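Here are my notes on this one. Have a look at the structure first, then read through the points.

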Amino acid sequence: MTTKTRIQKEADKENLMINMGPSHPAMHGTIRIMLELDGEKVLNSEVEVGYLHRGFEKTCENRTYFNLLPYTDRLNYVSPLINNCGYVMTMEKMLGIETPEKAQIIRVIMCELSRIADHLTALAAMTMECGAFTVFLYYIQAREEIWNVIEQTTGARMTTSYIRIGGVRADLHPDFEEQLKKAVTVTRKVLKDVKGLLDKNKIWMDRTRNVAVVSPETAVNYGFTGPCLRASGVYYDVRKAHPYLVYDRINFEVPLGEKGDNYDRYAVRMKEMEQSLRIVEQAVGMLPKSRAPLSSKEGIEPAEAVKASREKRETRKIRLSPNLEGSEKERYSDILSRTANAVVPPKEDTYTTIEGLISHFKFFMKGHGIRPPKGEVYFSVEGGSGELGFYIVSDGTDKPYRLHLRAPCFHIVAALEEMIKGHYVADIIPTFGSTNMIGGEMDR
Amino acid sequence: METKKLIDDLKRKFSNKIVETTQQFGDDIIVIQADILTDVAAFLKEKPYDFAMLLDLTCVDYRGREPRFEMVYHFFSLSHNQRLRVKAPLPGKDPVIASLTPYWKNADWLEREVYDMFGIIFEGHPDLRRLFMYDEFEGYPLRKDYPLRKRQPIIRMRSEE
């Protein structure tokens, strides 16, 4: 016997009840909206979430600090690098680690590229569901270029695990700037084209103007952050309010909306992408020249090095696996912190010296790895859809005692019932699209 | 707004109900007794403190310690650009605390999540049901005594009665 949900108790028997989702083409991600309708008008609704709940927090509490990083990729799977960055910086706050400048700038570039990819995806879904299929294809083309850059740097398109405690996993690819330039050019062109197609488009404006208006007071009361809050005209951006990395040295604006309707949420995201492109370009200019030589395919096999090092200390160059390209020992000072026992020791040392081997084992052995001091910490970064915060309680062991994620879209979807009330069924689709609900992040 | 002034004001208003005020890794923490939570929330939300946003709300299970649970609230003030963490310990047996839904609307879902995961009862919550898990789910998964790999029986398809 199940208890009746709120809407089942409240609904008038005369009215039509409709289920939207959990498997519905417009409900990207799995979410169920129960609607009480009068004709096409939404009288009342109830949002049911949890279809993608997979126990992220419980899982993390049973993994070591190093091992739980890949789970953060799967939160907001459109911008995994920002999730990596949020978790890693929370840990760095607790451990008191300073990261090298180059690593910080790489993080900024990667976070901003992810933000663009996130906004592109959100808007692509939103516009496509309103019938603008051309725009969808344009957006996805730009996202493809951005993901090419991300793939070249991190080795993966979505499950990156690239930003590590103490820095980043690998240095930038030699052709990085070329690839990035291409992505920036394509994205700029797409943004310009989409602007021309949508900004003054009658159909688009009719569908989105004055629909689901959220007043600044309501937005703050619901804990909105990110583009949805700024669309309502409230100035708050974590990058400006609590600057992290090198954001305080970069010029960018925080675009605001006027009304807080769907159109504003679209417009703010469009403007934010332009600002992100600005940030990326500035950050690339700030990149210090690398002192390390380029990765080469020369050198001896690791197995040979292990064998030779039994006799005497091996000093020849070792050919690492292609997976480790960019994280050679010479690059460590550029991309990873020197703090002991917080970063993986260089592979060259692990192969050839007993000290390197011991520190490698100490790092990965159960109960020995990264052990932050006792205490609790909260840190947040500006994610794709708002303030992405991590709250970690440490008991001094190598596993978090409690890890809680402040998911930005959780608070926004909580307001969905109020946002769609009194509007038509067709308006639910762009409204839901404008919240940028990502199941992985909200249901955790 | 200086944190020191805020803490002094809070101490003057609630005197002995404030258990502890500390700072950890640069975050300001105030530990209060659970029965004054709504008063503290109302006090913080008003000007001049102006903590208009409930950033986050969660719970920590310190199993084997009494009081076992600890509610953790993160408030944020837009006008002062200030974060504040308020914690309220709760007993392991029948943990009950007042709901913040009259003050912040997102407390609705956040409290439902905590009820779902920890079994904390929020007094005055308009619709306290599980949020992520289904109604037939037994136990509270984020409690430390809930085994990581525990399986729950498959439930039958629901039907209209």
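**Notes on the model**

1. The second largest pocket comes out at about 530 Å³ in volume. Here a pocket is an open set of points on a 1 Å grid over the protein atoms alone, where a 1.4 Å probe fits, with protein on both sides within 12 Å along at least five of seven lines; lining residues have an atom within 4 Å of a point. Points are joined across faces, edges and corners, and the volume is the space filled by probe spheres set on them.

2. Before going on: this is a predicted model, with local features needing pLDDT of at least 70 and side-chain atom pairs pLDDT 80 or more, while totals for chains, interfaces and linings use all residues. Residues are numbered from 1 along each chain as written, chains are lettered from A, and side-chain values use heavy atoms, without hydrogens and water.

3. Back to that pocket: 25 residues line it, and A:Arg54, A:Gly55, B:Tyr146, B:Leu148 and B:Lys150 lie nearest its centre. The lining splits into 11 nonpolar, 4 polar and 10 charged residues. For the record, Asp, Glu, Lys and Arg count as charged, and Gly is among the polar ones.

4. Helix H2 (56-61) of chain A and helix H3 (107-118) of chain B each give the lining at least two residues. H2(A) has the largest share, with 4 residues. Helices are DSSP runs (H or I, at least four residues), numbered from the N terminus.

5. Elsewhere, A:Ala124 sits in helix H5 (residues 101-129) of chain A. Its relative accessible area is 1%, so A:Ala124 is buried (under 20%, 1.4 Å probe, protein chains only).

Definitions and conventions: Buried < 20%, exposed > 50% of the residue type's maximum accessible area, 1.4 Å probe, protein only.
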